[in-house]
Amino acid sequence: MIEILRAKSAGFCFGVERILEMAEELLAEKNGPVYCLGELIHNPQEVERIQKMGMKFIQDPSELPKLDHGGWGRVLIRAHGVAPRVKEAIKARGYEIADGTCPLVTIPHRFARDLVTDGYRLVIMGHREHPEIQGILGEVEGAGGRADVVSGIEEIGQLSLKASDRVGLISQTTHPYPKFAELISSVLEKVLEVRAYNTICYATFERQDAIRELAPQVDVVIVVGGHQSSNTNRLVEIASEYTSCYHVEEASELMAEWFQGVRRVGISAGASTPERAIREVCHRIRTLVGES
Ligand code: SF4
C-alpha cells in the first residue's frame, strides 16, 4: 500500500484565511457592490467560489464604475497590499476601502520606508512583477525614495555596488530564507554597511522548513497550489532539490505514471490552497494506484 505523508505545515495561512473571511463578510452584508482589486488569492477555484457569491473583480481602479449621486461601494484590498497611490485612486472615485493587506505584509512596507528615510540604498529580494513587491515599491516611492529588486545573488552585479554604499535589505514575504541569507552575506562582502531585516513571514518559514524535512523521506512530492502562486512555486523549487516533484492546482491534473514504483508520496500545499483540495489530491492518488 502506498504511504502518503503530509508536510507538517501546508495549506491556508493566516493571511489567506483572513482575506477570505473578509470577502465573505462584506458580501454577506449585501450592502452595495463589492469589488476586489486583482485576483483575491492565487487559487482559481476559491476565486470562482467568491465570484459566485457576488464579488466583482477589477485590475485597476480606473475600471470602477462611476457611482450615482449618493451611491456607495467598497473595494477589497487583497493580502498582497497595494501602493498608497492605488488607495488614493480608489478613494478619488468615491469608493470605501476594505483593507485586507496581511499584517505580515505591512512589516516590509514599514522597514522599506524606514530604510529609505534613513538614507540606505534599498535592495528588495523578490520578484519585481509580484503584487506584493509592487506595493512595497509604491510605499518607497511615497517616502520619496527608490529601490532595486533582485530575485537572487546572480543579479547583484547589475546593482554596481560601491564600497561606500549603505545598503538596506528586505525580502518578499514568500522568498526562500537561504536565498535571502546568501544575499545578505554577498552584499556584505561588497559594501561597508548593511542593514537587513528578515521580512519572510512565519507561515512561509514553516511551510518551507516542513517540505525540506519531508522531501528527503519520500519518492515523490506533490505540491498543491495555484500555478501563479509565488509561495507554492518556492515549495516546488525546494522539494525538487531532494526528489521528484510535481505541482498541481487540482486533483484532476495528477498522472498515474508519477506513482509507478512509488512507495512513499509527500504532500505539501501553498498558502492559498484549501483543505478540500489537499484531501481530493490524497484521494485521487489512492484511486490512481488502485487502492480505492
Ligand atoms: S504567506 Fe504570510 S505574508 Fe502572505 S498572506 Fe500568508 S501569512 Fe500573510
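Which residues does cysteine 201 touch, not counting residues up to four places away in sequence? I looked, and I found Leu104 and Thr173; contact here means heavy atoms within 4.5 Å.

A note to myself before going on: this is a predicted model, where local features need pLDDT of at least 70, side-chain atom pairs count only at pLDDT 80 or more, and totals for chains, interfaces and linings use all residues. Residues are numbered from 1 along each chain as its sequence is written, and side-chain values use heavy atoms, with hydrogens and water left out.

**Cysteine 201.** I placed cysteine 201 in the loop between β9 (193-196) and α7 (202-214); helices (H or I, at least four residues) and strands (E, at least two) are DSSP runs, numbered from the N terminus. Cysteine 201 counts as buried because its relative accessibility is 13%, and buried means under 20% relative accessible area (1.4 Å probe, protein chains only).

**Cysteine 13.** I found cysteine 13 in the loop between β1 (3-6) and α1 (14-28). Cysteine 13 is buried too, at a relative accessible area of 14%. Leaving out residues up to four places away in sequence, cysteine 13 touches Ala203, Arg207 and Ala271.

**Glutamate 139.** My next stop was glutamate 139, in helix α5 (residues 131-142). With 11% relative accessibility, glutamate 139 is buried. I saw that its side chain makes a polar contact of 2.7 Å with the side chain of arginine 113; such a contact is a pair of N or O atoms within 3.5 Å, and within protein one must be able to donate a hydrogen and the other to accept it, while residues adjacent in sequence count only if both atoms are side-chain atoms. Beyond its neighbours within four places in sequence, glutamate 139 is in contact with Val82, Pro84, His109 and Arg113.

Technical notes
Buried means under 20% relative accessible area, exposed over 50%, partly exposed in between (1.4 Å probe, protein chains only).
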